[in-house]
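Let's walk through this structure together, one part at a time. Have the sequence and the 3D view side by side as you read.

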Amino acid sequence: MIARDKSQASLLQVFKAVLWSFLGIRRRAEHEADAIRLRLPQVVAVGIMCAALFVFTLIFVVHLVITRATT
Amino acid sequence: MAHSTADAAVAGHAHDHHDHAHDDHAHAAPSGFMRWLTTTNHKDIGTMYLWFSLTMFFVGGVLALGIRAELFKPGLQLWHPEFFNQLTTMHGLIMVFGAIMPAFVGFANWLVPLQIGAPDMAFARMNNWSFWLLPPAATLLVVSFFVPGGATAAGWTLYAPLTTQMGPGMDLAIFALHILGASSIMGSINIVVTILNMRAPGMTLMKMPMFVWTWLITAYLLIAVMPVLAGAITMTLTDRHFGTAFFNAAGGGDPVMFQHVFWFFGHPEVYIMILPAFGIVSHVIPAFARKPLFGYSSMVYATSSIAILSFIVWAHHMFVVGMPAAGVLFFMYATVLIAVPTGVKVFNWLATMWRGSMTFETPMLFAVGFLFVFTMGGFTGLICAIAPIDLQIQDTYYVVAHFHYVLVAGSLFAMFSGAYFWLPKWTGHMYDETLGKWHFWLSIIFFNVTFFPMHFLGLAGMPRRIPDYNIQFADFNMLATIGAFGFGLSQLVFLYTVLKCIRGGEKATAQVWEGAEGLEWTLSSPPPYHSFEVPPQVK
């Protein structure tokens with residue numbers, strides 16, 4: 001088991017890791033750092049938030065397209 | 001082994017046992033049929049899953065040949081139209097639920113414990129039950145052809161109101177799907193618990209083999225969506241027999257709601273049928289390119305990403321049904337975006353092969369064939385995802401071509417690749433390479449002869465699920481039928497090769513393939529009946 005590291009990831013770092021995972025790529029060094037500092041509950045929580053954010057972004061883009069098309 | 005847990009496995013580490021120490025237990029173990037009926041061994045159960053799915057593959061294949069025989073020429077030749085619809089429906093149901101899904105569970109049963117260094121699956125008795133639910137379900141499906149009115153003919157998508165109008169064959173199909181769903185959920189829980197709790201010391205999540213990763217994600221998908229299917233078909237059942245009107249507009253229900261519920265299950269189901277295939281290919285390509293998998297972590301991320309996206313694209317199957325423009329755009333954009341993580345995977349496999357010292361044994365041939373043909377299926381999927389184009393090609397043979405490129409060339413070719421890759425490990429004998437190569441070349445040629453012309457048929461407007469067609473479609477249909485019979489007969493080569501390999505042949509070494517990596521290759525071929533009783537140390 002990996003010893004608990006005191007340097008836990010900041011919220012921004014968790015967001016960065018999750019957003020890169022949405023694209024499906026990650027730099028090796030950052031991935032290795034993630035493996036040490038990220039905690040699973042953090043990743044799941046931020047992952048759900050990012051998925052919701054992704055859906056809302058899509059809805060926003062669709063809204064923009066529809067309003068432009070109808071004006 | 002039924003009570004194996006991670007703790008027990010780790011505790012066992014303290015014993016000075018060798019892996020083989022328990023092979024010759026003097027238990028009065030049941031023999032013959034009772035051995036298979038009562039077994040809780042993951043290897044036995046994996047073998048049964050694989051044989052079951054191969055059997056159903058041939059049953060579903062015979063139904064497909066029935067479809068293609070009717071379509072050899074325009075006009076009604078062999079079947080009544082009602083029976084033709086039963087053939088298309090049952091071909092779909094049997095191939096999806098009876099062949100592809102159980103085959104991947106068979107691979108998981110054999111490989112997950114071996115690849116993570118676990119002695120068995122976490123819930124070994126439930127594992128036995130998961131398997132033994134399958135034969136009754138398959139029997140219900142097959143027997144439904146012989147009840148009054150025959151099997152369900154509503155299409156594998158089981159759309160209302162067709163399903164509320166079918167005979168008792170529909171009820172048998174509903175019960176069969178319930179049982180198959182229960183089996184899948186139990187299998188998935190078993191796989192999740194095994195992977196999360198029984199990994200060998202040192203095997204962190206990000207050191208897990210890709211096949212294990214893809215199955216972990218697939219298992220979560222299954223647990224999420226199989227109850228949705230169960231709900232949909234239960235509502236269908238109560239509409240049929242208990243006076244409800246969930247999908248009956250006359251009673252205040254909505255048949256379109258069925259489609260939404262079904263596809264909320266159905267689209268993740270598509271990924272359930274392809275993610276383990278990605279996992280298999282991610283083992284075979286590095287082994288025969290003699291290079292580690294390029295971008296392992298990006299593969300894990302891409303798989304997770306595909307799984308999440310799979311939940312928000314379902315209505316792309318329903319563009320023609322009708323929805324607000326905002327809905328069409330949302331589902332179109334979301335669908336097209338899935339191409340990004342999928343593209344990441346394809347490029348990673350290509351990069352793995354780049355400058356590798358490649359050899360093309362049968363598993364690699366099927367993996368490269370998978371890459372070539374699955375990518376074509378992926379691209380035609382993108383074409384279908386563009387809503388204005390989909391209005392033209394919805395319910396035509398273009399869609400039939402698309403999903404067969406994904407499911408046959410994708411899932412099935414990956415399974416063949418995996419079968420040839422691990423067959424020497426499972427049986428202890430090398431398979432006949434010449435026969436394997438024959439199998440590959442016949443399969444890939446006849447597959448394309450069968451399904452490539454269907455793109456043209458679809459673009460020209462030939463609808464799917466019809467027993468007759470206009471004369472202008474005759475040539476391509478005849479070609480597709482010839483291809484289908486060629487493809488079907490080619491699979492007998494596979495059956496013969498497997499049987500020959502089981503009965504004997506050159507002894508396989510433990511490593512089998514020079515470039516293969518993973519814990520399963522540290523065990524003898526075949527592996528001992530009880531393997532990894534002492535968990536290996538992973539560095």
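Of the 71 residues in chain A, 17% are buried, a residue being buried if 20 or more other C-beta atoms, placed from the backbone, lie within 10 Å of its own. Chain A has three helices and zero strands, and along the sequence its pattern reads α-α-α. Helices here are DSSP runs (H or I, at least four residues), strands are E runs of at least two, and both are numbered from the N terminus.

A word on what you are looking at: this is a predicted model, in which local features need pLDDT of at least 70, side-chain atom pairs count only at pLDDT 80 or more, and totals for chains, interfaces and linings use all residues. Residues are numbered from 1 along each chain as its sequence is written, while chains are lettered from A and ligands numbered from 1 in the order in which they are written.

Now turn to chain B. Its domain assignment, automatic or taken from a database, gives domain 1 (1–9 + 38–248) and domain 2 (274–521). Taken over C-alpha atoms, the centres of these two domains of chain B are 19 Å apart. Their contact takes 37 residues from domain 1 and 39 residues from domain 2, where two residues are in contact if their C-beta atoms, placed from the backbone, lie within 7 Å. On the domain 1 side, the elements giving two or more residues are α3 (42–70), α4 (81–116) and α9 (210–241) of chain B. The largest share, twelve residues, comes from α4(B).

Let's look at one pair of helices in chain B. Two packed helices are described by the angle between their axes and the distance between the axes. Helix α11 (residues 275–289) and helix α17 (residues 397–427) of chain B pack at about 45°, with axes 9 Å apart; the axes are lines fitted to C-alpha atoms over the stretch in contact, and angles run from 0 to 180 degrees between N-to-C directions. That angle makes α11(B) oblique to α17(B), as angles under 35 degrees count as roughly parallel, over 145 as roughly antiparallel, 65 to 115 as roughly perpendicular and the rest as oblique. Residues that meet here include Ala277(B), Ile280(B) and Val281(B) in α11(B), and Gly410(B), Ala414(B) and Phe421(B) in α17(B).

Definitions and conventions: Buried ≥ 20, exposed ≤ 12 C-beta atoms within 10 Å, placed from the backbone.
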